[in-house]
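Here is a friendly note to read alongside the model. Please keep the 3D view open as you go through the points.

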Amino acid sequence: MPYQPRVFAGVEVVALCDAVGPMGAAISRPLPELFPGGSFADGEDWILHFHCHLLRAAGGTVLVDTGIGGLDSPASGWAPVPGRLEAELAAVGVTPEDVDVVVLTHLHSDHASGAVVDGAPAFPNARYVIQQTELDWSGGGLMRDRVIRPLKDALQIVHRTAEPVPGIRVALAPGHTPGHQIVEVGDLIISGDALLHEAQLADPSIRYLYDDDQETAVKTRTALVNRATVLATGHFTNPFTPVRSGDTA
(Lines give C-alpha, C1' and ligand atoms only; values in the text may rest on other atoms or scores of the structure.)
Protein backbone atom coordinates (compact mmCIF):
# COMPACT_ATOMS: atom_id res chain seq x y z
CA MET A 1 0.00 0.00 0.00
CA PRO A 2 1.16 3.59 -0.56
CA TYR A 3 2.59 5.53 2.33
CA GLN A 4 0.71 8.35 4.01
CA PRO A 5 0.73 11.53 1.94
CA ARG A 6 2.81 14.48 3.02
CA VAL A 7 2.52 18.10 1.93
CA PHE A 8 5.45 20.30 0.93
CA ALA A 9 4.90 23.88 -0.24
CA GLY A 10 1.28 23.09 -1.01
CA VAL A 11 2.08 19.97 -3.05
CA GLU A 12 0.83 16.58 -1.87
CA VAL A 13 3.55 13.94 -2.13
CA VAL A 14 2.75 10.23 -1.91
CA ALA A 15 5.54 7.66 -1.82
CA LEU A 16 4.64 4.53 -3.77
CA CYS A 17 6.35 1.19 -3.11
CA ASP A 18 6.87 -0.53 -6.45
CA ALA A 19 8.76 -3.52 -4.99
CA VAL A 20 10.95 -4.74 -2.13
CA GLY A 21 13.77 -7.21 -2.47
CA PRO A 22 17.50 -7.84 -2.88
CA MET A 23 19.56 -7.38 -6.01
CA GLY A 24 19.56 -10.42 -8.24
CA ALA A 25 22.68 -12.53 -8.62
CA ALA A 26 23.62 -10.89 -11.93
CA ILE A 27 24.84 -7.72 -10.21
CA SER A 28 24.68 -8.46 -6.48
CA ARG A 29 27.83 -7.98 -4.44
CA PRO A 30 28.54 -7.92 -0.68
CA LEU A 31 27.71 -4.54 0.84
CA PRO A 32 31.38 -3.68 1.57
CA GLU A 33 32.09 -4.09 -2.16
CA LEU A 34 29.06 -2.05 -3.22
CA PHE A 35 29.83 0.74 -0.72
CA PRO A 36 33.58 0.76 0.03
CA GLY A 37 34.29 2.40 3.37
CA GLY A 38 30.84 1.76 4.79
CA SER A 39 30.33 -0.15 8.03
CA PHE A 40 28.06 -3.19 7.75
CA ALA A 41 27.32 -6.28 9.81
CA ASP A 42 28.98 -9.48 8.62
CA GLY A 43 26.90 -11.04 5.89
CA GLU A 44 24.35 -8.21 5.93
CA ASP A 45 22.06 -8.25 2.91
CA TRP A 46 20.91 -5.15 1.08
CA ILE A 47 17.14 -5.25 0.78
CA LEU A 48 16.11 -2.48 -1.59
CA HIS A 49 12.82 -0.63 -1.49
CA PHE A 50 11.94 0.56 -4.98
CA HIS A 51 10.12 3.86 -4.55
CA CYS A 52 8.31 6.10 -7.00
CA HIS A 53 6.63 9.35 -5.94
CA LEU A 54 3.31 10.88 -6.90
CA LEU A 55 2.96 14.66 -6.66
CA ARG A 56 -0.40 16.41 -6.81
CA ALA A 57 -0.13 20.13 -7.45
CA ALA A 58 -2.48 22.82 -8.72
CA GLY A 59 -0.73 22.61 -12.07
CA GLY A 60 -1.19 18.87 -12.52
CA THR A 61 -0.34 15.35 -11.42
CA VAL A 62 3.33 14.39 -11.58
CA LEU A 63 4.88 10.94 -11.25
CA VAL A 64 8.58 10.72 -10.40
CA ASP A 65 10.01 7.51 -11.86
CA THR A 66 8.08 4.53 -13.15
CA GLY A 67 9.67 1.58 -11.38
CA ILE A 68 10.81 -1.83 -12.53
CA GLY A 69 7.98 -2.71 -14.89
CA GLY A 70 6.56 -6.10 -15.80
CA LEU A 71 7.94 -9.61 -16.02
CA ASP A 72 9.59 -8.91 -19.38
CA SER A 73 11.06 -5.53 -18.45
CA PRO A 74 14.75 -4.62 -18.80
CA ALA A 75 14.96 -4.90 -14.99
CA SER A 76 13.89 -8.55 -14.95
CA GLY A 77 17.46 -9.82 -14.88
CA TRP A 78 18.15 -8.43 -11.43
CA ALA A 79 15.10 -6.76 -9.80
CA PRO A 80 12.01 -8.34 -8.18
CA VAL A 81 9.61 -7.99 -11.11
CA PRO A 82 6.78 -7.44 -11.66
CA GLY A 83 6.46 -4.02 -10.08
CA ARG A 84 3.17 -2.95 -8.54
CA LEU A 85 3.17 0.72 -9.50
CA GLU A 86 -0.19 0.65 -11.26
CA ALA A 87 -1.85 -0.92 -8.21
CA GLU A 88 -0.17 1.62 -5.94
CA LEU A 89 -1.54 4.45 -8.07
CA ALA A 90 -5.00 2.89 -8.12
CA ALA A 91 -4.93 2.73 -4.32
CA VAL A 92 -4.74 6.54 -4.22
CA GLY A 93 -7.33 7.01 -6.95
CA VAL A 94 -5.01 7.68 -9.88
CA THR A 95 -5.21 6.00 -13.28
CA PRO A 96 -2.41 6.08 -15.87
CA GLU A 97 -4.51 8.54 -17.89
CA ASP A 98 -4.59 10.97 -14.94
CA VAL A 99 -0.83 11.55 -14.94
CA ASP A 100 0.17 14.80 -16.65
CA VAL A 101 3.95 14.66 -16.24
CA VAL A 102 6.40 11.82 -15.66
CA VAL A 103 9.87 12.78 -14.45
CA LEU A 104 12.50 10.14 -15.19
CA THR A 105 15.36 10.73 -12.78
CA HIS A 106 17.61 8.58 -14.97
CA LEU A 107 17.69 5.69 -17.43
CA HIS A 108 18.36 2.75 -15.13
CA SER A 109 15.94 -0.09 -15.53
CA ASP A 110 14.51 0.06 -12.00
CA HIS A 111 13.51 3.71 -12.48
CA ALA A 112 12.29 3.85 -16.07
CA SER A 113 11.09 0.40 -17.18
CA GLY A 114 7.49 1.09 -16.18
CA ALA A 115 7.33 4.04 -18.56
CA VAL A 116 6.36 1.79 -21.46
CA VAL A 117 3.86 -1.09 -21.64
CA ASP A 118 3.54 -3.25 -24.75
CA GLY A 119 5.65 -0.81 -26.74
CA ALA A 120 3.51 2.25 -25.94
CA PRO A 121 3.67 4.96 -23.25
CA ALA A 122 2.21 3.61 -20.02
CA PHE A 123 0.95 7.10 -19.15
CA PRO A 124 -0.61 8.14 -22.45
CA ASN A 125 -1.45 11.74 -21.58
CA ALA A 126 1.85 12.59 -19.93
CA ARG A 127 4.95 14.50 -20.92
CA TYR A 128 8.08 12.57 -19.97
CA VAL A 129 10.77 14.89 -18.58
CA ILE A 130 14.38 13.87 -19.02
CA GLN A 131 17.74 15.63 -19.19
CA GLN A 132 19.41 16.04 -22.58
CA THR A 133 22.64 14.82 -20.96
CA GLU A 134 20.95 11.55 -20.07
CA LEU A 135 19.78 11.04 -23.64
CA ASP A 136 23.34 11.67 -24.83
CA TRP A 137 24.76 9.06 -22.43
CA SER A 138 26.22 6.04 -24.20
CA GLY A 139 25.46 3.79 -21.22
CA GLY A 140 21.71 3.90 -21.70
CA GLY A 141 21.58 1.75 -24.83
CA LEU A 142 19.04 -0.91 -23.80
CA MET A 143 16.76 1.63 -22.18
CA ARG A 144 17.03 3.86 -25.23
CA ASP A 145 15.65 1.05 -27.38
CA ARG A 146 13.02 -0.20 -24.94
CA VAL A 147 11.90 3.08 -23.37
CA ILE A 148 13.10 6.24 -25.09
CA ARG A 149 12.25 5.20 -28.64
CA PRO A 150 8.57 4.48 -27.82
CA LEU A 151 8.38 7.75 -25.87
CA LYS A 152 9.92 9.90 -28.58
CA ASP A 153 6.88 12.08 -29.29
CA ALA A 154 6.07 12.49 -25.58
CA LEU A 155 9.52 13.54 -24.37
CA GLN A 156 10.14 16.92 -22.76
CA ILE A 157 13.89 17.34 -22.94
CA VAL A 158 15.39 19.74 -20.40
CA HIS A 159 18.81 21.29 -19.85
CA ARG A 160 19.99 21.39 -16.22
CA THR A 161 16.93 22.98 -14.57
CA ALA A 162 13.25 23.30 -15.43
CA GLU A 163 9.84 23.66 -13.80
CA PRO A 164 7.53 21.24 -15.62
CA VAL A 165 4.68 22.17 -13.25
CA PRO A 166 4.58 25.37 -11.17
CA GLY A 167 6.21 24.69 -7.81
CA ILE A 168 7.90 21.46 -8.95
CA ARG A 169 11.48 21.88 -10.15
CA VAL A 170 13.90 19.43 -11.72
CA ALA A 171 17.65 19.92 -11.55
CA LEU A 172 20.64 18.10 -12.96
CA ALA A 173 22.43 16.08 -10.27
CA PRO A 174 25.05 14.02 -12.12
CA GLY A 175 27.31 11.20 -11.04
CA HIS A 176 25.12 8.13 -10.75
CA THR A 177 24.52 8.71 -14.45
CA PRO A 178 25.61 11.77 -16.45
CA GLY A 179 22.08 13.13 -16.75
CA HIS A 180 20.70 12.04 -13.40
CA GLN A 181 18.21 14.61 -12.09
CA ILE A 182 16.45 15.35 -8.81
CA VAL A 183 13.07 16.91 -8.10
CA GLU A 184 12.62 19.76 -5.62
CA VAL A 185 9.35 20.75 -3.95
CA GLY A 186 9.71 23.32 -1.18
CA ASP A 187 11.94 21.75 1.49
CA LEU A 188 11.75 18.29 -0.10
CA ILE A 189 14.33 16.83 -2.47
CA ILE A 190 13.35 13.66 -4.32
CA SER A 191 16.86 12.38 -4.78
CA GLY A 192 16.56 9.44 -7.18
CA ASP A 193 19.80 7.49 -6.87
CA ALA A 194 22.01 10.34 -5.69
CA LEU A 195 21.93 8.40 -2.41
CA LEU A 196 21.53 4.63 -2.54
CA HIS A 197 22.05 3.46 1.05
CA GLU A 198 21.50 4.99 4.48
CA ALA A 199 25.26 4.75 5.11
CA GLN A 200 25.76 7.52 2.55
CA LEU A 201 23.50 9.87 4.48
CA ALA A 202 25.86 9.69 7.46
CA ASP A 203 28.91 9.89 5.20
CA PRO A 204 28.26 11.17 1.65
CA SER A 205 31.86 10.41 0.70
CA ILE A 206 31.08 6.68 0.68
CA ARG A 207 31.11 5.65 -2.96
CA TYR A 208 28.82 3.27 -4.79
CA LEU A 209 30.23 0.60 -7.08
CA TYR A 210 27.74 1.23 -9.89
CA ASP A 211 27.89 5.02 -10.03
CA ASP A 212 28.94 6.02 -13.54
CA ASP A 213 31.29 8.74 -12.21
CA GLN A 214 32.02 8.08 -8.55
CA GLU A 215 33.92 11.31 -7.92
CA THR A 216 31.13 13.46 -9.37
CA ALA A 217 28.55 11.41 -7.47
CA VAL A 218 30.30 12.17 -4.18
CA LYS A 219 30.25 15.90 -4.94
CA THR A 220 26.57 15.79 -5.88
CA ARG A 221 25.63 13.70 -2.86
CA THR A 222 27.56 15.90 -0.45
CA ALA A 223 25.92 19.04 -1.79
CA LEU A 224 22.44 17.52 -1.49
CA VAL A 225 22.95 16.30 2.06
CA ASN A 226 24.39 19.66 3.09
CA ARG A 227 21.35 21.60 1.90
CA ALA A 228 18.47 19.14 2.23
CA THR A 229 15.81 19.37 4.91
CA VAL A 230 13.91 16.24 3.86
CA LEU A 231 14.94 13.62 1.30
CA ALA A 232 12.61 11.29 -0.55
CA THR A 233 14.88 8.49 -1.68
CA GLY A 234 14.62 5.75 -4.26
CA HIS A 235 15.84 2.81 -2.19
CA PHE A 236 15.93 3.59 1.54
CA THR A 237 13.62 1.58 3.77
CA ASN A 238 11.76 4.73 4.80
CA PRO A 239 10.67 6.87 1.85
CA PHE A 240 11.03 10.22 3.66
CA THR A 241 14.19 10.98 5.61
CA PRO A 242 14.55 14.16 7.70
CA VAL A 243 18.07 15.50 7.30
CA ARG A 244 17.94 18.49 9.63
CA SER A 245 15.45 20.53 11.62
CA GLY A 246 13.12 22.71 9.63
CA ASP A 247 10.94 19.97 8.14
CA THR A 248 7.81 21.90 7.19
CA ALA A 249 5.78 18.96 5.94
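The points below cover the background, the strands and the cysteines.

1. Before you start: this is a predicted model, in which local features need pLDDT of at least 70, side-chain atom pairs count only at pLDDT 80 or more, and totals for chains, interfaces and linings use all residues. Residues are numbered from 1 along each chain as its sequence is written, and side-chain values use heavy atoms, with hydrogens and water left out.

2. Start with strand β2, residues 11-22. Strands here are DSSP runs (E, at least two residues), numbered from the N terminus. Of the 12 residues of β2, 9 are buried, so the strand is largely enclosed by the rest of the structure. Buried means under 20% relative accessible area (1.4 Å probe, protein chains only).

3. Now look at what lies beside β2. Strand β1 (residues 6-8) pairs with β2 in the antiparallel sense over 3 bridges; two strands pair if DSSP finds at least two bridges between them. F8 stands opposite V11. The two strands form a hairpin with 2 residues between them, and A9 in the turn has a positive phi of about 50 degrees.

4. β2 also pairs with strand β3 (residues 47-57), again antiparallel, over 10 bridges. There, P22 has I47 as its bridge partner.

5. How many disulfides does the structure hold? It holds 0, where a disulfide is a pair of cysteine sulfur atoms within 2.5 Å.

6. Are C17 and C52 buried or exposed? C17 counts as buried because its relative accessibility is 5%, and C52 is buried at 1%.

Technical notes: Buried means under 20% relative accessible area, exposed over 50%, partly exposed in between (1.4 Å probe, protein chains only). Helices (H or I, at least four residues) and strands (E, at least two) are DSSP runs, numbered from the N terminus.
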